[in-house]
Amino acid sequence: TAYVFLLRPENPAWVGYLSAIEGVAQFVAAAVAGTLADCYHWRRDKLLRITFFVGVAASIVTFLSSYHQASTDLWWWSLVAVAPVLWGVFDGIGLTASLALFADSIRDGHRSYYFTL
């Protein structure tokens, strides 16, 4: 989003739009990942493997959008819009699964100590 602000300093609203897109994608992905893990008994390591592929895709899309300089091109703007969606999904699934794995590795009754450090 900082890259978009550097390209479009006259309209900083685009930074807010892209941040909102990423936040909504993260929220939805975290809810889906939590539901899959808790209700449908998906293993958390399986979710982390999915996170890996989403992260690779997000990196590629981010690289392509930063490499292409034509800021008026529709293809470029679509890449700029897809990148935060992928990063939001990456954060939503990855943080949900990794924090759940961390919580599962701590004995019952001791979790609050490690989460409040």
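Quick note before we start: helices here are DSSP runs of H or I, at least four residues long, numbered from the N terminus, and the model is a predicted one.

Q: Which helix gives the most to the nonpolar patch?
A: That's α3, with seven residues. Phe53 sits in helix α3, and Phe53 is one of the patch members.

Q: What makes Phe52, Phe53, Val56, Ile60, Phe63, Leu64, Tyr67 and Trp75 a nonpolar patch on the surface?
A: Patch residues need over 30% relative accessible area and no salt bridge, and nonpolar side chains are joined within 5 Å. These residues form such a patch, and together they have about 890 Å² of accessible area.

Q: Why are α3 and α4 called roughly antiparallel?
A: Helix α3 (residues 44–67) and helix α4 (residues 74–104) pack at about 155°, their axes 8 Å apart. The cut-off for roughly antiparallel is over 145 degrees, so the pair counts as roughly antiparallel. Their crossing is left-handed, and their contact has 21 nonpolar, seven polar and two charged residues.

Q: What about α2 and α4: at what angle do they pack?
A: Helix α2 (residues 13–38) packs against α4 at about 35°, with the axes 7 Å apart. The crossing of α2 and α4 is right-handed. By class, that contact has 16 nonpolar, five polar and two charged residues.

Definitions and conventions
Residues are numbered from 1 along each chain as its sequence is written. This is a predicted model: local features need pLDDT of at least 70, side-chain atom pairs count only at pLDDT 80 or more; totals for chains, interfaces and linings use all residues. Side-chain values use heavy atoms; hydrogens and water are left out. Axes are lines fitted to C-alpha atoms, for helices over the stretch in contact, and angles run from 0 to 180 degrees between N-to-C directions. Helices (H or I, at least four residues) and strands (E, at least two) are DSSP runs, numbered from the N terminus. Angles under 35 degrees count as roughly parallel, over 145 as roughly antiparallel, 65 to 115 as roughly perpendicular and the rest as oblique. A crossing is left-handed if the near helix is turned anticlockwise from the far one by less than a right angle, and right-handed if clockwise. Ala, Val, Leu, Ile, Met, Phe, Trp, Tyr, Cys and Pro count as nonpolar, Asp, Glu, Lys and Arg as charged, and the others, Gly among them, as polar. Patches are made of residues with over 30% relative accessible area and no salt bridge: like charges are joined within 9 Å, nonpolar side chains (Val, Leu, Ile, Met, Phe, Trp, Tyr) within 5 Å. Accessible areas come from the Shrake-Rupley method with a 1.4 Å probe; for residues, only the protein chains shown count as cover. A salt bridge is a side-chain nitrogen of Lys or Arg within 4 Å of a carboxyl oxygen of Asp or Glu.
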